[in-house]
Amino acid sequence: MALVRLSALACFLATVQPLAAAWSDSELPEKRAAKPTPLYKNPKAAIEDRINDLLPRMTLEEKVAQLIQGDINGWTPNPNDPLDTTMSYNASGLVEMMKYKGGSIWAGYQMPYDKLAYTIEVGQRYLMENTTLGIPALIQSEGLHGYPNNGTIWPSPIGLAASFNPDLLKQAAATISDEAEGFGINQLFAPDLDLGRELRWGRVEEGYGEDPFLTGAMASAYVQGVQSGARRNTSSTAIARMAATCKHFAAFGSPQGGLNVAPVTGGERELRTLYLPPFKQACLESLAIMTAYSSYDGVPAAGNSHLLVDIIDLLQNNHQVCDSRECSARLGVSQYQGEMGGGTYTYLTLVDQVKQGLISQSFIDQTVKYILRTKFSLGLFENPYPYKDYKSKIRTPATLQLLKQMDEEQIILLKNDGNTLPLSKTISSVAVIGPSAGQVLVVWASNWQDDYVFHGADANGISPLDGFKKLLTGTNVKINYAEGTKLWSNDESGFPDAVTAAKNSDAAVVFVGTWTRDQTELWAGLNATTGEHVDVSDLGLVGASLKLVQTIKETGKPTIVVFISGRPVSEPWIAENADAIVQQFYPGEMGGLALAEVIFGDVNPSGKMPLSAPRNIGTAPAFYNWLKNSRPGWPGPGQILDNGTLIFDHAYVLDSPVPLWSFGDGLSYTTFKYSNLRFSKTSLKASDTLTVTVSVANTGSRDGKEVVQEQVYVTDRVASVVTVNQSLEGFKKVNIPKGKTVDVSVSIPIQQLQVWSSANKFKVEPGIFDVKIGSSSAVILQGNFTVV
């Protein structure tokens, strides 16, 4: 495994044009005369041999420069102006940047395609042709759910997870790599494996949900999709075309109070059995890892000898475990990590510290080896440049077709009383209502497409209102639209128009939820309810949105509520009173059309909840895989009725710990019958693999995709330590035509069921294990097997 220990920073991308005359000979050092080719430049040599040949040739200063992230802002003009098309560079700035910070280069800007490609080519040409050793740079950007600089924007990761379709995500990730690769980008800061178990935290939308297994499966698909293949014209020893960056290592997503970068409390068992398994499942082949910003059990992740860590400045500025830049640099490099930009560049002190005997150069050498290994693994010494046809992979018809499928498959049908949905195209009219209905990027450019997109990303998207218009073209269905209120407002002056729209329609669809911002506006401090450093104390709707739903329901018309959000929305009144409820986590560009197709039945919903929705923040956490006896008995929930009547009980006194919706929940327009559960063996050893098979019949009137849940949940009846009440150990999504039955099998290595024992070792313990087919909140079939 080639690991470059780098870290996080917000990033974007742009474009490339072939370099005709990037610089003049008078501006830059003269190209050096040809010499015999050293071993490290031999593309046929083994990677380790190339590393061992190159490292001794490097000066201490050159080694340290490999460890520090630079930025294209050192030589390109106006990188923060997305409209600036200037094709020039600052030669002295280029030389200065590469001298001290040339190992990796941040290129995550929103700028015209040609300018970015030109800028990257200038940088790589300088490194390859005008420096002593010709070591190319890692060129870095974001990529959580798409190539952000006017590339294809996919659903937010939490939406990708709702598809429960790793194969589709792998294909999606490959297109993200396709779009970025041509511009000379060779490292993406994704996937995010933070578990969504603390729902107040603003970055829940960036991960794949609350469950370690689902997170690992989806992240693994992303890593494979992004990295598979090789850059053009590289050596046969190159093993990837793009470096994925697994983040944030580790346990970052459960901060105290739900506040970004706050400490995470936990012990070794929780770390080993909850937070680390997704990284083991997904990231052993990832070429990079990004550390968490937080501390775990009192130890900063950036200084934790348990972890491969990245971020150095946190040691001094955030955690106060170092009293100087020199200390931060020593502690960081002694654990073999590079330093990201955006801070005080503590690593610039390393040359002097080595000369003063304060740190051994061996730590620097080993860290440089990691970075060189990644560069050789990517084939950058042969071809680090943008491609001439860099725009050829952007937003292709094939990519957009895949995107449409993903936008469809992530939509979750949570409630459907009396088969309210799908609506018929023979109705005379439908009301499209709500603050989330009419825009892709709502006023001020707040958006539904996650915070890792760039300003103007709405231009390619389809709003729900436009999706309805597109779908209903050619029918006689009239659309009555009213916004009703703003997402961030208590203003009810738009309610009368919304009521009129509902009364004049056969059914009302009300779109409400959360909102975030693009990167430009998020960091400018504009209002939002999800996103990086946007944390909340309430999981309900903001402003007048709930009252708008209640007002529309009072019209007596069938009321369908659509949540468009970056986290679950906790609104018990809506859960109890809406006729139907649809959940769409922040969608991709085709999200508005996909919603219309689901609501009118052109698409059968197949998404499942990747996390649980508590009734309110006071009943959180609501994750399904709680430790045994965490929620003993649920003897009787209390309740506050709509008329104010108080019904007292004990768990809780006036509420219930049972979530509104649980992990794995999601309905379909068709029906499935499960039968004939069988195991490949009922008595297994720790080295065995169990195959669980079930027959699934589509007994409804339409074709449907089912996450054969399988969702296989397993419970260890008795263990030497407290274990979870149930854990997802496998799943498979299959398409079953109406009237057909298929056998679906899921394999579970018994090693997957190991516990972190009281002896602080992993162990598969003998005993009986129960298997449940269904969702976390429902049992369809069950059985058991024994480990001997």
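Reader: Which residues does P572 touch, not counting residues up to four places away in sequence?
Author: This is a predicted model, where local features need pLDDT of at least 70, side-chain atom pairs count only at pLDDT 80 or more, and totals for chains, interfaces and linings use all residues. Residues are numbered from 1 along each chain as its sequence is written, and side-chain values use heavy atoms, with hydrogens and water left out. P572 lies in helix α19 (residues 572-577); helices (H or I, at least four residues) and strands (E, at least two) are DSSP runs, numbered from the N terminus. With contact meaning heavy atoms within 4.5 Å, the residues touched by P572 are R615 and L660.

Reader: Thanks! With which residue does the side chain of R615 meet in a salt bridge?
Author: A salt bridge here is a side-chain nitrogen of Lys or Arg within 4 Å of a carboxyl oxygen of Asp or Glu. For R615 the N to O distance is 2.8 Å, and the pair links distant parts of the chain, 40 residues apart. Both residues are buried, that is, under 20% relative accessible area, whereas exposed means over 50% and partly exposed in between (1.4 Å probe, protein chains only). The partner of R615 is D655.

Reader: Is R241 buried or exposed?
Author: R241 forms a salt bridge with D178, with the closest N and O atoms 2.6 Å apart. D178 counts as partly exposed because its relative accessibility is 25%. For R241 the relative accessible area is 8%, so R241 is buried.

Reader: Why do the buried residues of α3 lie on the same side?
Author: In helix α3 (residues 91-100), the buried residues are A91, G93, L94, M97 and M98. The directions from the helix axis to their C-beta atoms define the arc. They are on the same side of α3 because that arc around the axis is only 160°.

Reader: And which exposed residues sit on the face turned away from the buried side of α3?
Author: The buried side is covered by elements including α2 (60-66), β2, β3 and α4 (113-130). The face turned away from it carries S92 and K99.

Reader: Last one: which strands stand at the edges of the open sheet?
Author: The sheet has 4 strands in the order β2-β3-β4-β5, with parallel pairing; two strands pair if DSSP finds at least two bridges between them. Each edge strand has a single partner, so one side is left without a neighbour in the sheet: these are β2 (69-71) and β5 (187-188).
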